[in-house]
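I opened the notebook to record a few look-ups in this model.

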Amino acid sequence: MVQADDLVEYGFRRVIITITAVMCALLEIVDTTIVNVALTNMRGSLGATLTDVAWVITAYAIANVIVIPMTSWLSQQFGRRNYFAVSIIIFTVSSFLCGNATNIWELVAFRFIQGLGGGALLVTAQTIITESYPVAKRGMAQAIYGMGVIVGPTLGPPLGGYIVDNASWPFIFYINIPIGIIATILTLTFVRSPKYGEKLKANQVDWLGILFLICFIGSLQFVLEHGQQDDWFNNNLIIGLSVLSVFGLLAFIWREMTYEHPIVNLSVLKDGNLRIGILMSFIMGFGLYGSTLIIPIYTQSILGWTATDAGLLLIPGSITTAIMMPFIGKMIQKGIPQGYMVAGGFLIFFLFTFWMRNVMTPDTGVEHFYWPLILRGIGLGLLFVPITTLSLSTLKGKNIGEGAAFTGMMRQLGGSFGIAIITTFITRLTQKHRVDLIPHLDGSRIEIQQRIIALQKGFISKGFSPNEALNKANQVIEYSVLKQSTVLSYMDIFMYLGLLFLFCIPIILLIKKGKTKINPADAMH
């Protein structure tokens, strides 16, 4: 078996490999969020309902989360370079097919195939970029990779908004094609594979394990994506898939613990630091994807911004994170304890959420968001690389790669849980606040009567009859109550998110210090 050091590259080759890996990671992550702003256009041109078009996001997410835990195993079966190149080709070809889809279910099927290729790109790119650097510079390698992972989710909406406003929705898929072709050529030319042990025969492959994994992760992802709109456990499909997910999880654990050639090695979870790292990765995903979801929805639905403007708002914070990444890499190289950095990151995220809670009004301006989002960027910078290295700090050899697959999967699942819980809470809290605010609209109060009369006069002056004008005035009052209750629900969400991050800080005290410096090289599968 080739040692990690044999894969180290220098000079021009390393630069090319780094660019290729970051480009592929960005392709995958941007495509997770780029479609969000194009859903309305897709509905119109494909004649789909809102529920149907939501599958464009769900299918991609389900395929992503299924393939991530299997990536380490698939790399060993087919060779890392070949597996990476085939994944890019699958992703690129399915992007072309997505753009040419003639109905919604064709698009959903091609998005699922695109997700299978994309999930592989993310973790394999991390492995390749890390192993191309010597041990002393591996913290920096992870920092470079981290730039793509953190910046990606916030690049999607503004890029998607710009393309939809200036071209048409198929071009959000077509832009992947030239990048995919270049990345495939560079991968086949420059990337090398480590030599693995003997490959498994077809009858030794853990087919049952794969089936149980699909039942568990696929059903769970569907429940999280569709639970809110289908009224959670009042819907028979959601109940059935929840039961299937629990059954799939238990069967998967039994199979992987008893089969000779498991597709995912669960024994690596005996490591305490990895278990804490997985929890922190989950919470980081929750905060990263959750806050990336809330802010564009708030600015578009409450403040009336365009999709492009809402997406552009997130970019300064992402640039802050990208600028921080090399400094974080250097801090790790100098031996500054990652636990302190993670604690600092969670504390900064807590401050960001409370700052956001305090600036939210029905007419907040862009200047009020700027510095809180810069603060969020600093917090993310202090979380991403240190959590990854901390999780793996007491693992050795092949176990490091298997541990890294868990952290990647839990980050994705954390995002799915975050989005599902936040959208549910926004709906429920908005209803609660509306009920609380209605009693304040007592028609016998003088100020309420004066407000209605003023609005009624305004509508009469525009040519409405007195009765029509009165109805319109009442509608305006009702809308302002709904808007105010929605703002209050967003404020509550930020408060709960902040408390979640604050409560994470003591968990870091449970972390044992690794006795040896990690070699994340074998690790980043």
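**Entry: T20**

I started with T20, which sits in helix α1. This is a predicted model, so every value here is computed from predicted coordinates. Is T20 buried or exposed? Its relative accessibility is 2%, so T20 counts as buried. I then checked where its side chain goes. It reaches the backbone oxygen of I16 at 2.7 Å. Beyond the neighbours within four places in sequence, T20 is in contact with A183, L186 and T187.

**Entry: T32**

I stayed on helix α1, residues 11-33, and looked up T32. T32 has 25% relative accessibility and therefore counts as partly exposed. The cut-off for buried is under 20%. I also asked how far T32 is from Y60. The two residues are 28 apart along the chain, and their C-alpha atoms are separated by 7.4 Å.

**Entry: Q114**

Next I went to helix α6, residues 104-131, where Q114 is placed. Its relative accessible area is 0%, so Q114 is buried. Which residues does Q114 touch? Setting aside residues up to four places away in sequence, I listed D31, Y60, F91, S94, S95, C98, F173 and N176. I took one C-alpha distance here. Q114 and S95 lie 6.6 Å apart in space and 19 residues apart in sequence.

**Entry: S87**

I moved to helix α5 for S87. S87 is at 3% relative accessibility and so counts as buried. Its side chain reaches the backbone oxygen of Y83 at 2.8 Å. With residues up to four places away left out, S87 touches G117, A120 and L121.

**Entry: α5 against α9**

I then looked at how helix α5, residues 80-99, packs on helix α9, residues 176-190. The angle is about 165° and the axes are 9 Å apart. An angle over 145° counts as roughly antiparallel, and that makes α5 roughly antiparallel to α9. The crossing of α5 past α9 is left-handed. I wrote out both sides of the contact. By class I have 10 nonpolar residues, 6 polar and 1 charged. I cross-checked with my Q114 entry: F91, S95 and N176 are among the residues touched by Q114.

**Entry: F369**

I went on to helix α16 and looked up F369. F369 has a relative accessible area of 0%, so it is buried. Apart from neighbours within four places in sequence, F369 is in contact with Y298, T299, L303, W305, L313, M356 and T364. F369 and L313 are 56 residues apart in sequence, and 8.0 Å apart C-alpha to C-alpha.

**Entry: α15 against α16**

I stayed with α16, residues 366-391, and took helix α15, residues 338-359, as its partner. Their axes come within 8 Å and cross at roughly 155°. The two helices are therefore roughly antiparallel to each other. I recorded a left-handed crossing for α15 and α16. How does the contact divide by class? It has 22 nonpolar, 7 polar and 1 charged residues.

**Entry: α14 against α16**

I checked another partner of α16, helix α14, residues 315-333. These axes are 8 Å apart, at an angle of about 35°. α14 passes α16 in a right-handed crossing. On the α14 side I listed P316, G317, T320, T321, M324, M325, I328 and I332. On the α16 side the list includes Y370, L373, I374, G377, I378 and L380. It also includes G381, L382, F384, V385, P386 and T389. By class there are 14 nonpolar residues, 6 polar and no charged ones.

**Entry: whole chain**

The chain has 20 helices and 0 strands. Of its 525 residues, 56% count as buried. I also looked at sequence separation in the contacts. Among contacts between residues at least 6 apart in sequence, 84% join residues at least 24 apart.

Conventions
Residues numbered from 1 in each chain as written. Predicted model: local features only at pLDDT ≥ 70, side-chain atom pairs only at ≥ 80, totals over all residues. Heavy atoms only, no water. Axes fitted to C-alpha atoms, helices over the stretch in contact; angles between N-to-C directions. Helix = DSSP H or I, 4+ residues; strand = E, 2+ residues; numbered from the N terminus. Parallel < 35°, antiparallel > 145°, perpendicular 65-115°, else oblique. Left-handed = near helix turned anticlockwise from the far one by under 90°. Nonpolar A, V, L, I, M, F, W, Y, C, P; charged D, E, K, R; others polar. Buried < 20%, exposed > 50% of the residue type's maximum accessible area, 1.4 Å probe, protein only. Polar contact = N/O pair within 3.5 Å; in protein donor to acceptor, adjacent residues only side chain to side chain. Contact = heavy atoms within 4.5 Å.
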